[in-house]
Amino acid sequence: MAKACGLKAGFAVPIIAHDQVLAVLTFFRFESRQTDRRLVNLISTVAAQLGVAIERKQAEVALRSSEAELRALFAAMTDSIFVLDSQGCFLKIAPTNPDPRLLPENANEFVGKTLHQFFAPTQADQFLTYIQEAIATSSRLNIEYSLTVRDREVWFAATISPTLEDSVVWVARDITERKQAEQALKQAEAKYRSIFENALEGIFQSTADGHYISANPALARLYGYSSPDELMVRLTDIEHQLYVDPQRRAEFSRLLQENDAVADFESQVYRKDGSVIWIAENARAVRDMMTGELLYYEGTVEDITEHKLAKDQLQTRAFYDTLTGLPNRALFMDRLSHTVERAKRHPTYRFALLFLDLDRFKVVNDSLGHLVGDQLLIGIARRLESCLRTEDTVARLGGDEFTILLEDIEDIHHATRVAERIQQELAAPFNLDGHEVFTGASVGIVLSREIRKEGDITNYDCPEDLLRDADTALYRAKALGRSRYEIFDLTMHQNALSVLQLETELRRAVENQEFEIYYQPIVSLSTHQIAGFEALLRWHHPSRGLVYPGEFIPMAEETGLIIPMGWWMLRQACRQLELWHDTVQESELNQELAHQLTIYVNLSSKQFLQPELLEHLDKILHETHLHPSHLKLEITESCLLADPEIAEERLKELRDRQIGLCIDDFGTGYSSLSYLHRFPIDTIKIDQSLISNISIDVQGHCEAGMINRTKGLPLQIVRTIIMLADSLGMKVIAEGVETKEQLTQLRLLDCDYAQGYLFQAPLDALTAGKLRVEPQ
């Protein structure tokens with residue numbers, strides 16, 4: 001190219017910087033001539049100067065870049081950096097970016113000032129000692145210190161590095177948060193340690209293979225050891241040394257492996273002395289965060305022995321009778337339910353239920369006291385248990401009621417044999433607190449699967465039905481004389497349903513006033529005139545028609561309905577008699593006869609024993625305007641014997657009110673001469689069962705011997721009653737007179753009054769009011 005341009009000669013000089021050729025300085029000439037050494041030297045000098053200039057320029061660029069990087073680095077730093085001389089004077093301060101709350105707004109205020117101008121003397125002296133030590137030893141120091149900056153404590157970590165110029169670089173970093181975290185950690189560790197050492201619950205860490213690696217004092221005390229160290233030394237195989245059932249520890253480990261946590265895991269463990277306690281454990285598995293490998297178990301242990309005992313006692317109280325220790329109703333019904341379900345699954349499976357009720361237990365309780373009564377119940381429980389197999393159940397339902405479940409029996413004969421064995425066991429006397437006590441039991445029996453003669457099969461699906469039918473059979477046994485057993489049949493159930501229906505209908509009848517009073521005249525055998533009427537209750541049943549007292553009075557007595565029925569009847573009878581009195585007076589008939597009419601009304605034992613008896617009577621007599629002397633209350637002998645003291649007081653109060661008192665059905669009950677003399681009775685009614693058997697001439701028409709005396713006995717009793725009443729100043733009424741022969745005999749015996757179908761059947765009020773004075 002040079003040749004093409006006409007150039008004839010030339011030379012080049014390199015430009016060198018930092019020992020590297022950066023460029024070449026070249027010169028050309030158009031003519032060829034000898035080299036000019038001076039020119040070469042000049043050009044070489046120029047090239048050398050250019051190299052130096054380039055080096056300087058590069059250094060300046062590098063310096064500016066380095067300064068920029070340093071400024072960026074300082075700006076990113078939150079540390080405070082100072083340069084101080086050996087006397088503690090601030091020489092420089094780096095333009096870092098610390099928390100503005102830690103330094104003045106203009107950090108350069110430090111430059112040229114000493115430590116003592118910014119810090120307290122003690123603090124400044126300490127800092128100066130650090131600086132001089134670093135310079136003297138030519139080694140770096142690391143220190144931590146705290147300063148109060150703007151009313152708060154700030155912690156710093158500082159590095160003090162000596163320089164060659166008899167100074168140090170002080171780099172301080174705010175470590176307040178770290179110190180606070182460390183302090184919090186220390187507090188937490190102290191708190192944990194305090195909890196660990198003083199906790200009431202045992203706390204542990206253990207390996208999976210059964211070694212304790214940590215335990216607190218509470219755990220040691222719980223297991224009976226003097227210290228955690230002794231516990232960890234002695235218990236080297238937790239599974240077999242500690243747990244009563246080693247399988248519980250295996251189960252504990254299995255649950256932790258599967259779930260990493262276990263809550264309220266209950267086990268029995270041995271204490272150091274060999275005693276057994278119940279514990280509840282809560283634990284978790286601690287694993288390596290990276291690998292998931294199991295490191296150890298940690299958790300707590302609580303002694304729940306007392307809780308378990310209390311729970312067991314509560315369970316016992318819930319399902320066992322506290323007096324006898326027998327299962328109670330709840331447990332018995334649970335077992336009966338399971339047995340019923342078993343019988344459903346297995347058609348050939350049979351069982352029987354026995355329902356027992358003690359005879360005369362109330363007498364023992366009332367006479368000898370409840371403590372003896374309780375001893376009797378305990379003794380009976382033990383005897384009942386002796387009559388049964390281990391698979392059978394005897395329970396006390398309450399009071400003097402017991403039930404027995406006989407499982408897996410062949411037929412009803414097994415149940416009857418058990419009932420007979422029980423009767424034999426209870427026949428022997430009980431020696432209780434110095435008293436010889438006799439008792440017996442009525443038993444109702446029901447079989448789970450009954451095959452009747454008609455071929456029908458009865459199975460029970462509900463335990464309550466079994467208990468109901470056993471109770472029905474028990475009721476039947478009591479009705480037939482007690483101390484016996486009866487086997488349930490469907491007839492009993494039907495009868496029970498009829499009784500229940502009767503009770504329901506009777507309650508409705510009381511509410512709807514479906515009753516009517518009939519009146520049967522009582523005739524004076526001396527005047528042949530009506531002396532009064534007995535009020536008799538009749539029930540106008542909506543579908544059955546007229547129902548007589550014998551069908552519903554016993555139910556009324558049992559349910560207590562007799563009380564409202566009795567007061568209603570007494571009020572109606574008194575009102576009716578007063579109405580008859582007024583009618584007789586208005587028709588100008590014999591007013592003297594009208595005033596002699598008396599109404600006889602039955603007073604039940606429940607009414608008689610009511611505290612409000614006199615209050616009710618006074619109110620009724622006041623409402624009906626009937627004079628008390630026209631009212632005679634008929635009571636049975638049982639009313640007097642139930643509580644003689646109360647009876648005597650009541651009867652005297654009635655007598656003081658001029659209300660007449662009549663003993664009904666005399667001769668069929670206890671018939672004691674003493675109470676006739678003791679109580680203010682003015683009339684005796686001889687029961688119709690005696691009247692129906694008297695005859696006119698016993699001597700002439702009876703056979704000799706025992707038959708003679710037997711047939712003549714009712715007459716002798718009637719004669720004795722009439723003579724006794726006469727001697728005591730009492731009147732006598734003969735009930736149920738149906739034949740003229742009976743009437744003639746009563747007249748011969750000087751009986752005062754009579755009533756019965758011979759004179760007149762009971763009549764409604766309207767018809768009875770129309771009767772003539774002298775009967776036909």
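This report describes selected ring contacts, a surface patch and an annotated region of one structure. The structure is a predicted model, in which local features need pLDDT of at least 70 and side-chain atom pairs count only at pLDDT 80 or more, while totals for chains, interfaces and linings use all residues. Residues are numbered from 1 along each chain as its sequence is written, and side-chain values use heavy atoms, with hydrogens and water left out.

**Aromatic pairs**

Rings of Phe, Tyr and Trp (its six-membered ring) are paired if their centres lie within 6.5 Å, and a pair counts as stacked with planes under 30 degrees apart, as edge-to-face over 60 and as tilted for the rest.

| Pair | Centre to centre | Angle between planes | Class |
|---|---|---|---|
| Phe 252 and Tyr 297 | 6.3 Å | 85 degrees | edge-to-face |
| Phe 533 and Trp 580 | 4.9 Å | 45 degrees | tilted |

Helices (H or I, at least four residues) and strands (E, at least two) are DSSP runs, numbered from the N terminus. Phe 252 belongs to helix H7 (residues 246–259) and Tyr 297 to strand E12 (residues 294–303), so their pair ties together parts that are 45 residues apart in sequence. Phe 533 lies in strand E23 (residues 530–541) and Trp 580 in helix H16 (residues 562–586), so this pair ties together parts that are 47 residues apart in sequence. Buried means under 20% relative accessible area, exposed over 50% and partly exposed in between (1.4 Å probe, protein chains only); Phe 252 and Tyr 297 are buried, and Phe 533 and Trp 580 are both buried as well.

One aromatic cluster is formed by Phe 119, Phe 127, Tyr 145, Phe 156 and Trp 170.

**Charges over rings**

A charge sits over a ring if NZ of Lys or CZ of Arg is within 6 Å of the ring centre and within 35 degrees of the ring normal. The charged end of Lys 179 is placed over the ring of Trp 155, 4.4 Å from its centre, and Lys 308 lies over the face of Trp 278, at 4.3 Å from the ring centre.

**The annotated region and Pro 217**

An unreviewed UniProt entry annotates residues 171–198 as "coiled-coil region". In the model, residues 171–198 are 82% helix and 14% strand, with the end C-alpha atoms 45 Å apart. The C-alpha atom of Asn 198 is separated by 7.4 Å from that of Pro 217, 19 residues apart along the chain. Pro 217 lies in helix H4 (residues 217–223) and, at 18% relative accessibility, counts as buried.

How values were computed. UniProt positions are given in the numbering used here, feature names are shortened, and annotations may be inferred rather than shown by experiment.
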